[in-house]
Amino acid sequence: ICAMTECNQRLVKLVQREECGINSVNISRTAIGFIIRGEKKVFINDSTTTLAAGEMFIFGEGLHYEENILQDGAFEQIVFYISTEDLEKIIISVSQNYSISCQSNHICNKCRNTNFIATEPSPIIAEFFGYINRYFRHNSIRVTEAVEQIKLTELIFLILNDEDNCIKRFI
């Protein structure tokens with residue numbers, strides 16, 4: 001059985017202790033995630049993308065096929081789920097309050113015409129997910145809807161403030 005630890009519906013830490021094979025996942029909101037332990041294989045058309053621990057991904061809305069590979073007996077990931085409307089509100093707020101541009105001129109074959117992005121995050125974004133993982137591991141903060149909103153806004157701020165790349169373009 002694949003087990004999931006869930007905080008409301010916007011911030012989820014998945015801890016999987018058994019191989020589950022390839023799964024179809026129908027996502028109704030944008031998913032911004034980070035692999036803590038193990039590997040994730042994502043199947044798109046005739047290609048496979050493999051993400052290792054320490055890598056970040058974004059799934060757009062829709063049906064996706066993935067397989068989580070255990071490392072030392074577990075697979076772990078943290079995912080923020082956000083609706084298009086909430087994402088737009090956060091982008092406008094961050095852009096206006098912090099004078100950060102949400103424009104992206106980035107384009108490459110990796111992110112062209114796809115509903116999925118995988119990349120190595122900047123060190124500050126990787127640290128951000130490390131802090132979120134510690135919240136779950138040590139129960140140091142009770143994750144409420146307000147905490148989720150603050151952390152999601154912080155993540156979007158970090159993405160928009162980062163260099164122009166596939167993740168920023170997707171957002």
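Let me start with a contact at Q16: a polar atom of the Q16 side chain lies 3.0 Å from the backbone oxygen of E18. Keep in mind that this is a predicted model. Q16 is found in strand 2. Is Q16 buried or exposed? Q16 is buried, because its relative accessible area is 3%, and buried here means under 20%.

Now the rest of strand 2. The strand covers residues 11-16, and six of its six residues are buried, so strand 2 is largely enclosed by the rest of the structure. The side chains go two ways. L11, K13 and V15 point one way, while V12, L14 and Q16 point the other way, and all are buried. Note that K13 and Q16 are in that buried list.

What does strand 2 join? Strand 2 is joined to strand 9 by six bridges, and the two run antiparallel. To find the pairing on your screen, look for L11, which stands opposite F80 in strand 9.

Strand 9 takes us to helix 1. Strand 9, residues 75-82, is packed against by the buried residues of helix 1, and so is helix 3, residues 145-161. Which residues of helix 1 are buried? They are L87, I90, I91 and V94. These four lie on the same side of helix 1, because they cover an arc of only 100° around the axis. On the other side of helix 1 you will see E85, K89, Q96 and N97, which are exposed.

As for its dimensions, helix 1 runs over residues 84-98, which is 15 residues. From first C-alpha to last, helix 1 reaches 21 Å, close to the 21 Å expected at 1.5 Å a residue.

Next, the end of that helix. Just after helix 1 comes S99, with a positive phi of about 50°. That is a positive value in a residue other than glycine. S99 sits in the loop between helix 1 and strand 10, residues 116-119. S99 counts as exposed, because its relative accessibility is 69% and the cut-off for exposed is over 50%.

Where is N45 found? N45 is in the loop between strand 5, residues 39-44, and strand 6. With a relative accessible area of 79%, N45 is exposed.

Strand 3 pairs with strand 8, residues 62-69, in the antiparallel sense, over six bridges. A place to look for this pairing is S24, which stands opposite Y65 in strand 8.

To go back over the main points: strand 2 is buried in six of its six residues, and strand 2 pairs antiparallel with strand 9. Helix 1 packs its buried residues against strand 9 and helix 3.

Definitions and conventions. Residues are numbered from 1 along each chain as its sequence is written. This is a predicted model: local features need pLDDT of at least 70, side-chain atom pairs count only at pLDDT 80 or more; totals for chains, interfaces and linings use all residues. Side-chain values use heavy atoms; hydrogens and water are left out. Two strands pair if DSSP finds at least two bridges between them. The expected span of a helix is 1.5 Å times one less than its number of residues. Buried means under 20% relative accessible area, exposed over 50%, partly exposed in between (1.4 Å probe, protein chains only). The arc is that of the directions from the helix axis to the C-beta atoms. Contact means heavy atoms within 4.5 Å. A polar contact is a pair of N or O atoms within 3.5 Å; within protein, one must be able to donate a hydrogen and the other to accept it, and residues adjacent in sequence count only if both atoms are side-chain atoms.
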